[in-house]
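Here is a short briefing on one protein chain. Start with the sequence and the model, then read the points by topic.

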Amino acid sequence: MMGAPGDIEDLIGLMARLPGLGPRSARRAVLMLLKKRGPLMAPLAQAMAHVALSARDCSVCGNIGTEDTCPICTDPRRQTGEICVVEDVADLWAMERAGAFRGRYHVLGGTLSALDGLGPDELRIPLLVRRVQEEQTREVILALNATVDGQTTAHYIADALAATGVQVSSLAQGVPIGGELDYLDDGTIGAALRARRRV
C-alpha cells in the first residue's frame, strides 16, 4: 500500500516532534497545509525561515526576540529593582499575559536535574547572581513551577543569593502543586504574584 511521498513523510515526521502532536495529528496538519498551500503553507514556511534566522536569546535575561537585548530589558520603566526568575520563555510570556509584573525577568532555561545533566552553570544561575549585584536589585521573585525540580532549584537560588542581601520571595497562592505557569489562567498568575512570600 502506497503512503505519502518521502518528502511529505519527512515533514509529517518533523511535525510529529512538536509538543501535543503525535503521528496522526501531524499527518492531519500536513494534509491541511497541503490543501491550503498558497494562503497558509507558503507564508508559514516563509515566516518559519525568517524566524529561524532572526530569533536570538536576549543577552541579559534569556527571553527570545530579534535583537541582542529584548524590549523588556531595554524599557527604562521596567527598572523597578525586581527580577522575576522563570524556568523558560513560555513562563515569561505567561507572566506578561497576566500583566501583573512590571519589573524584569531572568530565564533559567530549565531546572536543576542531575538526570538530565543540568547544573547551575547550564541554568544561568551564576549570571543571575551577577545581575543581582550589578543592577542593585532589591527583590528576586522565584516564579518557578511547583514541581520537585522547580522547588529544588528555588532553594538552590535562594542559597546562592543569600550573601547578596537581596530579598528572595516565591509565588504563593494559586499555583497548584505539580502545576506549570504556562497552563494557568491570568487571574491565578496575578493572585500568586501578589501573594508571594519570602523564602
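**An exposed loop residue**

Gln136 counts as exposed because its relative accessibility is 67%; exposed means over 50%, buried under 20%, and partly exposed in between (1.4 Å probe, protein chains only). The model is predicted, so local features need pLDDT of at least 70 and side-chain atom pairs count only at pLDDT 80 or more, while totals for chains, interfaces and linings use all residues. Residues are numbered from 1 along each chain as its sequence is written, and side-chain values use heavy atoms, with hydrogens and water left out.

**Overall picture**

- The protein has 8 helices and 7 strands. Helices (H or I, at least four residues) and strands (E, at least two) are DSSP runs, numbered from the N terminus.
- Of the 199 residues in the protein, 39% are buried.
- The C-alpha atoms fill a box of roughly 65 × 35 × 35 Å, taken along the principal axes.

- S5 covers residues 139–142, and both of its faces are covered. Glu139 and Ile141 are buried on one side, Val140 and Leu142 on the other.
- In a regular strand the side chains alternate between the two faces of the sheet.
- Strand S3 (residues 82–86) pairs with S5 in the parallel sense over 4 bridges. Pairing requires at least two DSSP bridges between two strands.
- Cys84 stands opposite Ile141 of S5.
- Strand S6 (residues 167–170) also pairs with S5 in the parallel sense, over 4 bridges. Here Glu139 stands opposite Gln167.
- S5, helix H7 (residues 148–161) and S6 form a right-handed β-α-β unit. Right-handed means that, with the strands pointing away from the viewer, the path from the first strand over the helix to the second runs clockwise.

**Helices H6 and H7**

- The axes of H6 and H7 come within 10 Å and cross at roughly 40°. Axes are lines fitted to C-alpha atoms, for helices over the stretch in contact, and angles run from 0 to 180 degrees between N-to-C directions.
- H6 is therefore oblique to H7. Angles under 35 degrees count as roughly parallel, over 145 as roughly antiparallel, 65 to 115 as roughly perpendicular and the rest as oblique.
- Ile125, Leu128, Val129 and Val132 of H6 make the contact with Tyr156, Ile157, Ala160 and Leu161 of H7. Contact means heavy atoms within 4.5 Å.

**Positive phi**

- Most residues other than glycine have a negative phi.
- Gln136, in the loop between H6 and S5, has a positive phi near 50°.
- Arg124, in the loop between strand S4 (104–107) and helix H6 (125–134), has a positive phi of about 65°.
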